[in-house]
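Biologist: I've never looked at this one before. Could you put it up and take me through it?

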Amino acid sequence: MNIALILSGGTGKRMGLDLPKQYVTVNGRPILLYSLETIASDGKIDGIQIVSEISWQGRIEEWMDGMDRLLADQGRSIRKKFRGFSMPGENRQLSILNGLRDICGYASKEAFVFIHDAARPLLSHEQIRDCFAAAEGHDGVLPVLPMKDTVYYSGDGREVSLLEREKIFAGQAPEVFRLGPYLDASERLLPEKILQVNGSTEPAVLAGLDVVMIPGDERNFKITTKEDLERFRQITTEGRSLKEGVSD
């Protein structure tokens, strides 16, 4: 069984908006729904768990029902795969841990968990397939992007030393992990160390799990700044214009 855990509990404070960025409407739909529709329509995904604040859960359900009405003639449904909501934690990894514990209520510990950010709306079916294909025989999968710029290290903020760019990578979501080992790895970091975790793969690496890297997707960027939001708005607007042009 493959379960998608969508992280949609962020507050979006860094962008200075009056609502979390994943709920901003772009070309007629909230950002969350872009990746949610892709995940729900992919044959590799058997179930969906969403991390979200209680105040947004009713709205998300309304959006899912609205999307299902639009997708009905295609025989697709988000609701059929939706398993439930999980509560956000104090940081990203605690949110993930809450989701993992809830998933254990209906999935085997041999299941794979596909962790994705709601603020990464341009997830592709190809990336989903690549993640699950690479996961076979391993504990986890991490998509990465190569560093394009020269990278430096400084311990004191003044003197610098060179790093080998070819050995430095930027991690991306989605990440895939086998549920049981990854849950154990995360719980070992409680109560304090888990608060220092910045990336989803860190608990797996610290626990010595077998995690493999695969190529990431530069198009699957995370909306973090207002510039990112505008970039996504332009991409979706151009894509819609092209579709309308073809249909004409």
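Biologist: What percentage of the 248 residues in the protein chain is buried?

Modeller: This is a predicted model, where local features need pLDDT of at least 70 and side-chain atom pairs count only at pLDDT 80 or more, while totals for chains, interfaces and linings use all residues. Residues are numbered from 1 along each chain as its sequence is written, and side-chain values use heavy atoms, with hydrogens and water left out. Buried means under 20% relative accessible area, with a 1.4 Å probe and protein chains only. By that cut-off, the buried share of the 248 residues is 48%.

Biologist: And how many helices and strands does the protein chain have?

Modeller: Those are DSSP runs numbered from the N terminus: H or I of at least four residues for helices, E of at least two for strands. The tally for the protein chain is seven helices and 12 strands.

Biologist: Which residues of α3 are buried?

Modeller: Helix α3 covers residues 92-103 and reaches 17 Å from first C-alpha to last, close to the expected 16 Å. That expectation is 1.5 Å times one less than the number of residues. The buried ones are Gln93, Leu94, Ser95, Ile96, Leu97, Gly99, Leu100 and Ile103.

Biologist: What do the buried residues of α3 pack against?

Modeller: Look for contacts, meaning heavy atoms within 4.5 Å. The partners include strands and helices: β1 (2-7), β4 (47-51), β5 (82-86), β6 (112-117), α5 (179-187) and α6 (202-206).

Biologist: Among contacts between residues at least 6 apart in sequence, what share joins residues at least 24 apart?

Modeller: That one is counted over the protein chain. The share is 75%.

Definitions and conventions: Buried means under 20% relative accessible area, exposed over 50%, partly exposed in between (1.4 Å probe, protein chains only).
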